[in-house]
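Please read this note with the model open beside you. Each point takes one part of the chain in turn.

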Amino acid sequence: MKKNKIVIWGIGKYFSVVYNSINNDLCTVVGIIDSNPSKKSSFVMGNIPVDSPDALSFIEWDYILVAAKNYQSILDKCNKMGINNNKIIIFWNIKDDSILIDYRAKRIVELEEENEKYKWKLENLPYELGLKTIPNVKSAEDLLHLIIGNKSSLCRFGDGEFEIIRGKERLWYQNVDAKLSIRLKEILQSNENNIIIAIANNFGNLDCYTEESANAIRQYLYGNTRKEIVNLLNKKRIYYDAYVSRPYIMYKDKTHANKVFNLLKKIWHKRNILIVEGYLSKMGVGNHLFSGANKIRRILCPETNAFNQYDAILSCIKKWVTEDELVLISLGPTATVLAYDLAKNNIQALDIGQIDNEYEWFLHKVSKRTEIPGKRVAELSWYHQPSDKVLSQTYKEEIIEQIGIG
């Protein structure tokens, strides 16, 4: 009997579950596909190498079995490639046993994951109910009013910054660096009048967030993580919400984002701004986030491990920045350090994070993080490479220097 030829798309935590669920009497795996090019040489199942999606054009196959849980981008790619939907099997959408796939493997994983979520929630519940002490974190709106009123600078600490301080790998765009860890800890524990320290508002009630976002926070804080982070903080200090740069996707109430964006726009209204960003970020390109600014200039930096070029980036900013110009920085943990050092030199600087991505999603009213044509989306970078997009002459003229690119 002729066997069905299966290509599995997606190398990740569930790959082995999906692989082992295949009915070997009726199927044979002829290919493994992943959009992340770095995995092509790092994974082999038997003698089957990992290929890019382009390999589908020369592999003889009957069905594509999608292993990834977040599979929409894969479906979009298949659609662009003209692949018939009837030839695509999404493992996580299988409702019962088929002749090709054993449904029980999926159900076991789902039940195990539900059990994990209950464990995270149970451990976190005393903090969510206000039964245990938590850091004092004021709202994003309070933060923005303070910046508008005082022309303060902003340094943000999210999961990535805390993980670097703790010496743990987390971010795809910045390796753990001992010097960076020391600098971040120094800044977190600093006390400068003109510098606001913001931390992710993870530690108390999570009702404002979607269930998916709340569960991700609970998972992150589970075990010793909460204790280790809180030990870095000052119990008497007032912090502000680092999620000012993520006001849309995470929240149940999507009108929250409108308030935040309106306040943000007031900060740079009729001001000259110097944007310091990764070369694929393109903040404000194709939308009106910075339309109220008087003048925009840009310094483009490496997308990954920007801290390796820290001294050159800082010197470049100091060389170009003019009096009363606002510096906006989107450069991962490096932005936190840059904002601090610039503020110490009486230059107003805001670690603005992925605010442009959030603004794009807000404008398009999407409910999940999605690809943005021509722009880097940090959370999706493990599989999504921004497509080339024709850039306006205005954008090109805004670029005054590029550091460590090419």
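1. A343 is buried, with a relative accessible area of 2%. This residue belongs to helix α11, which covers residues 333-344. If neighbours within four places in sequence are set aside, A343 is in contact with S153, N194 and I195. As for E169, 174 residues from A343 along the chain, the two C-alpha atoms are separated by 28 Å. Please keep in mind throughout that this is a predicted model.

2. D341 is also found in helix α11. Is D341 buried or exposed? At a relative accessible area of 13%, D341 is buried, because the cut-off for that word is under 20%. Apart from residues up to four places away in sequence, D341 touches R183, Y310 and L314.

3. Helix α4 runs over residues 140-150, and A140, L143, L144 and I147 are buried in this helix. Why do these four lie on the same side of α4? Around the axis they cover an arc of only 95 degrees, so they share one side of the helix. The general rule behind this is that an α-helix has 3.6 residues a turn, so residues three or four places apart point the same way.

4. The other face of α4, turned away from the buried side, carries the exposed residues G149 and N150. Over the buried residues of α4 lies a cover that includes β7, β8 (153-157), β9 (195-199), β10, α9 and β14 (349-351). K151 follows α4 and has a positive phi, near 55 degrees.

5. Helix α2 (residues 72-80) can be read in the manner of the previous helix. Its buried residues include S73, I74 and C78.

6. Which strands do the buried residues of α2 pack against? They pack against β1 (4-9), β5 (63-66) and β6 (88-90). Just after α2 comes G82, with a positive phi of about 75 degrees.

7. Now the aromatic rings. How many aromatic pairs does a search of the whole structure find? The search finds 12. One of them joins F157 and F162, with 6.1 Å centre to centre and 40 degrees between the planes, and this pair is tilted. F157 is buried at a relative accessible area of 0%, and F162 is buried at 2%.

8. Y248 and F362 make an edge-to-face pair, because their planes stand at 80 degrees, with the ring centres 5.9 Å apart. Y248 lies in the loop between β10 (238-241) and α9 (255-268), while F362 is in helix α12 (residues 355-364), so the pair ties together parts that are 114 residues apart in sequence. Y248 counts as buried at 5% relative accessibility. F362 has a relative accessible area of 19% and is buried, since buried means under 20%. Y248 and F362 also belong to one aromatic cluster together with F261 and Y359.

9. S281 lies in the loop between β11 (272-278) and β12 (295-301). Although it is in a loop, S281 is buried, with a relative accessible area of 12%. Which residues does S281 touch, not counting residues up to four places away in sequence? They are E303, S330, D356 and K375.

10. The last point concerns the surface. L129 is in the loop between α3 (103-128) and β7 (136-138). With a relative accessible area of 55%, L129 is exposed, because exposed means over 50%. L129 forms a nonpolar patch on the surface with L125 and L131, and together the three have about 310 Å² of accessible area. Compare this loop residue with S281, which is in a loop and is buried.

Methods:
Residues are numbered from 1 along each chain as its sequence is written. This is a predicted model: local features need pLDDT of at least 70, side-chain atom pairs count only at pLDDT 80 or more; totals for chains, interfaces and linings use all residues. Side-chain values use heavy atoms; hydrogens and water are left out. Patches are made of residues with over 30% relative accessible area and no salt bridge: like charges are joined within 9 Å, nonpolar side chains (Val, Leu, Ile, Met, Phe, Trp, Tyr) within 5 Å. Accessible areas come from the Shrake-Rupley method with a 1.4 Å probe; for residues, only the protein chains shown count as cover. A salt bridge is a side-chain nitrogen of Lys or Arg within 4 Å of a carboxyl oxygen of Asp or Glu. Helices (H or I, at least four residues) and strands (E, at least two) are DSSP runs, numbered from the N terminus. Buried means under 20% relative accessible area, exposed over 50%, partly exposed in between (1.4 Å probe, protein chains only). Contact means heavy atoms within 4.5 Å. Rings of Phe, Tyr and Trp (its six-membered ring) pair if their centres lie within 6.5 Å; planes under 30 degrees apart count as stacked, over 60 as edge-to-face and the rest as tilted. The arc is that of the directions from the helix axis to the C-beta atoms.
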